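I opened this entry to go through the fold piece by piece.

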Amino acid sequence: MNKVLLIDDDVELVGMFREYLEQEGFEVGTAHDGEAGTASALTGAYAIAVLDVMMPRMNGLETLRRIRAVSQMPILMLTARGDDTDRIVGLELGADDYVTKPCTPRELTARIRAILRRTQAVPDTGSGPLVVGQLTMWPEQRRAAWAGVPLELTSTEFNLLEVLARHAGKPVSKNVLSEQGLGRPMARFDRNIDVHMSSLRHKLGSISDGRSCLQTVYRLGYQLIRE
């Protein structure tokens, strides 16, 4: 499914993005305020939503919060250049990634494709579940559980956790996590991975000695402990 939902009150910008995305083979729906965007997102008709932070009536962060309360659909945030607070809050609320404005239609399309490649990858139906200690992942179904209890993960959190699980017991660099989990190289001063790792720590359980199963390895990255 290649249906993209654009949620932004800038009608001219949305029109430009829509025209480019349609030329690239996407079906595009639009909404110009948070309430309409939330309603459209929750229809289940779209593969991904592109959500602007700065909107009247109901801003993008509140829109994201309402969507995430019900759905784990991929969400790409549009944030103002240099506004680190909105980016971090958006990621903490469950955004999969962000693009800073102003951005080109080509850049936006590339970021959308990177997210969809990871969420719509053709599964290897011959493979069984991926098990690391009390963590079990079913990549073909994009499901995960800790000690038998289902985990509510965003698409990016699932991607990153799968990368860590496949390298369990070994540190994985932020660059590798960004390339394999987000589908793009890590930008300078990018805190995206750190915020997603913090969220995963809260969702995953502890190992027998009480430590988090997800550890920071100084100067090397992150490691999922195999126990």
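**Hairpin**

I began with a strand pair and found that Leu214 has Leu224, in β11, as its bridge partner. The model is predicted. I then took the whole pair. Strand β10 covers residues 214–217 and strand β11 covers residues 221–224. They run antiparallel and share four bridges. Three residues separate β10 and β11 in this hairpin. I checked the turn and found Arg219 there with a positive phi of about 65°.

**Open sheet**

In what order do the five strands of the open sheet lie? I read β2-β1-β3-β4-β5, with parallel pairing. β2 (27–31) and β5 are the edge strands, each pairing on one side only. From one strand to the next, the twist averages 20°.

Strand β1 (residues 3–7) joins β2 through five bridges in the parallel sense. Lys3 is bridged to Glu27 in β2. Lys3 came up again in my search for charges over rings. Lys3 lies over the face of Tyr46, 5.3 Å from the ring centre. I noted another case: the charged end of Arg143 sits over the ring of Trp138, at 4.2 Å from its centre. I also counted aromatic pairs, with rings taken as paired if their centres lie within 6.5 Å. The count is zero.

**Nonpolar cores**

Next I listed the cores. The largest nonpolar core holds 28 residues. Leu135, Leu161, Leu204 and Leu224 have the most contacts inside this core. Which elements give two or more residues to it? I found β6 (130–132), β7 (135–138), β8 (143–146), α6, α7 (174–182), α8 and β11. The largest share is from α6, with six residues.

Beyond four places in sequence, Leu161 contacts Leu135, Met137, Leu151, Leu153, Leu200, Leu204 and Leu224. There is also a second, separate core of 20 residues, including Ala31, Met77, Leu91 and Tyr98.

**Helix α4**

I turned to helix α4, which spans residues 84–92. Its buried residues include Asp86, Arg87, Ile88, Gly90 and Leu91. What covers the buried residues of α4? The cover includes α3 (60–68), β4 (75–80), β5 (97–101) and α8 (192–203). Just after α4, I found Gly94 with a positive phi of about 115°.

I looked up Arg68, which is placed in helix α3. Is Arg68 buried or exposed? Arg68 counts as buried because its relative accessibility is 10%, and the cut-off for buried is under 20%. I listed its contacts, leaving out residues up to four places away in sequence. Arg68 touches Met73, Pro74, Ile75, Leu93, Gly94, Asp96 and Thr154.

Asn159 was my last stop. It is in helix α6 (residues 155–166). With a relative accessible area of 2%, Asn159 is buried. Setting aside residues up to four places away in sequence, I found Asn159 touching Arg118, Arg142 and Gly181. I also took its distance to Leu135. Asn159 and Leu135 are 24 residues apart in sequence, and their C-alpha atoms are 14 Å apart.

Note on methods:
Residues are numbered from 1 along each chain as its sequence is written. This is a predicted model: local features need pLDDT of at least 70, side-chain atom pairs count only at pLDDT 80 or more; totals for chains, interfaces and linings use all residues. Side-chain values use heavy atoms; hydrogens and water are left out. Two strands pair if DSSP finds at least two bridges between them. Rings of Phe, Tyr and Trp (its six-membered ring) pair if their centres lie within 6.5 Å; planes under 30 degrees apart count as stacked, over 60 as edge-to-face and the rest as tilted. A charge sits over a ring if NZ of Lys or CZ of Arg is within 6 Å of the ring centre and within 35 degrees of the ring normal. Buried means under 20% relative accessible area, exposed over 50%, partly exposed in between (1.4 Å probe, protein chains only). Contact means heavy atoms within 4.5 Å. A nonpolar core is a set of buried Ala, Val, Leu, Ile, Met, Phe, Trp, Tyr and Cys residues joined through side-chain atoms within 4.5 Å. Axes are lines fitted to C-alpha atoms, for helices over the stretch in contact, and angles run from 0 to 180 degrees between N-to-C directions.
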